[in-house]
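Colleague: Could you show me how to read the features of a structural model, one at a time? I would like the general idea and then the case before us.

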Amino acid sequence: MHVSRRKLFAVVAAAGLATSGLAACGDGTQDDEAGGAAGDTIVLGFAQVGAESGWRTANTKSIQDSAKAAGIDLKFSDAQQKQENQIKNIRSYITQKVDVIAFSPVVESGWEPVLREAKEAGIPVVLTDRAIDSPDTSLYVTFLGSDFIEEGKRAANWLVQEYQGKNETVNIVELQGTTGSAPAIDRKEGFAQGIAANPNFKIIASQTGEFTRAKGKEVMQAFLQSNPDIDVLYAHNDDMALGAIQAIEEAGKKPGVDIKIISIDGVKDAFQAMVDGKINVVVECNPLLGPQLMDVVKKVVAGETVEKRILTEEGVFTQDQAAAALPNRQY
Ligand code: GZL
């Protein structure tokens, strides 16, 4: 993107106008006529959360492979699930004057200062996977990812169906994702909404397992020690569910039978666990955002309008579907 366009972008953005209409008010340089950075290689700075789960690994691969296929020069960083690292990485992209910055905010809050710096530098920002809680929506061009509340509701809906017509108390333990992250907040909210109508459903313990197998196992061990009558585990992601399965088996119980397990993501290991009868249902959360992200990046650079929120298509898979679906799973 030419510097003049970037300066213009900063003016337009500062005015709080729709930044994606930039080409419509271009500065008349050659690339505006071409509707984008004609002939230039787009440089995208991507500040990734970390490598905490199978989902994240697949998400990273999708972004890297798609950038290569799209001819986009990708600058990539891993923040090891620390917000201060993500902010530092975003700042470095601003200094490098990349054309677009994209990132998956590890938590919802605390982004306004650095996103204002990007806006003042005339660099458009795309949110992928996780959202931020800032009311200033001019700080980013679009959010590309899942509806986590819907995912929580789908998890609850399976439970409602599973216990249809029964009148027993159902003791549920919940392994939450990273504290303060959009998926953890919204998956908890969606699930709570979904079970609210049935007083038999009781969440007797709920704690973060930080989206990792190790922490998921550790917290499930604690749940098992303090709650002898657990009927259901609701895990905000597959990695925590897979860690919890180890804890359940080490406690001499049968995962998927003594303790039913509801999980979210849909990685291959979770499908295998369903084939093995250890997870009962997986709510899909699509990590393969790379192709859509590269389309958005090209549109933003070309000054085309993009939707403010782009949701991904996702399904729900039960044990009886797992064996047939597993060979076709892409992550
Ligand atoms: C959801 C994503 C979550 C996954 C976890 O879109 O942010 O983070 O559910 C991952 O597996 O760690």
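**Reading the model**

Modeller: The protein chain has an accessible surface of about 13,500 Å², and carbon and sulfur atoms account for 50% of it. Such areas come from the Shrake-Rupley method with a 1.4 Å probe, and for residues only the protein chains shown count as cover. This is a predicted model, in which local features need pLDDT of at least 70 and side-chain atom pairs count only at pLDDT 80 or more, while totals for chains, interfaces and linings use all residues. Residues are numbered from 1 along each chain as its sequence is written, and side-chain values use heavy atoms, leaving out hydrogens and water.

Colleague: How many helices and strands are there in the protein chain?

Modeller: Helices (H or I, at least four residues) and strands (E, at least two) are DSSP runs, numbered from the N terminus. Here the protein chain holds 12 helices and 12 strands.

Colleague: What percentage of the residues in the protein chain is buried?

Modeller: A residue is buried under 20% relative accessible area, exposed over 50% and partly exposed in between, with a 1.4 Å probe and protein chains only. Of the 331 residues in the protein chain, 55% are buried.

Colleague: How many aromatic pairs does a search of the whole structure find?

Modeller: A pair of aromatic rings is described by the distance of the centres and the angle of the planes. Rings of Phe, Tyr and Trp (its six-membered ring) pair if their centres lie within 6.5 Å; planes under 30 degrees apart are stacked, over 60 edge-to-face and the rest tilted. The search finds five such pairs. One of them joins F271 and F317, with 5.0 Å from centre to centre and 65 degrees between the planes, which makes the pair edge-to-face. F271 belongs to helix α10 (residues 268–275) and F317 to strand β12 (residues 316–318), so this pair, 46 residues apart, links distant parts of the chain. F271 counts as buried because its relative accessibility is 0%, and F317 is buried too, at 18%.

Colleague: Which charged end sits over the ring of F317?

Modeller: A charge sits over a ring if NZ of Lys or CZ of Arg is within 6 Å of the ring centre and within 35 degrees of the ring normal. R329 places its charged end over the ring of F317, 5.1 Å from the centre. The charged end of K166 is likewise 5.1 Å from the centre of a ring, that of Y163.

Colleague: With which side chain does the side chain of H236 make a polar contact?

Modeller: A polar contact is a pair of N or O atoms within 3.5 Å; within protein, one must be able to donate a hydrogen and the other to accept it, and residues adjacent in sequence count only if both atoms are side-chain atoms. The partner is the side chain of E174, at 2.8 Å. The side chain of H236 also reaches the backbone nitrogen of G177 at 3.0 Å. H236 lies in the loop between β8 (232–235) and α9 (238–250), and H236 counts as buried because its relative accessible area is 0%.

A second case is S77 in strand β2. Its side chain makes a polar contact of 3.4 Å with the side chain of N89. S77 is buried because its relative accessibility is 12%.

Colleague: How many residues surround the ligand?

Modeller: A residue is near a molecule if one of its heavy atoms lies within 4 Å of it. There are 13 such residues around the ligand, and the closest are E52, D129, R130, R187 and D265. Oxygen atoms of the ligand lie 2.7 Å from a polar side-chain atom of R187 and 2.6 Å from an N or O atom in the side chain of D265. Taken alone the ligand exposes 320 Å², of which the protein buries 100%.

Colleague: What is the phi of D129, and is this residue buried or exposed?

Modeller: D129 has a positive phi of about 75 degrees although it is not a glycine. This residue sits in the loop between β4 (125–128) and β5 (142–145) and is buried because its relative accessible area is 4%. Q80, in the loop between β2 (73–78) and α4 (83–95), also has a positive phi, near 45 degrees. Q80 counts as partly exposed because its relative accessibility is 48%.
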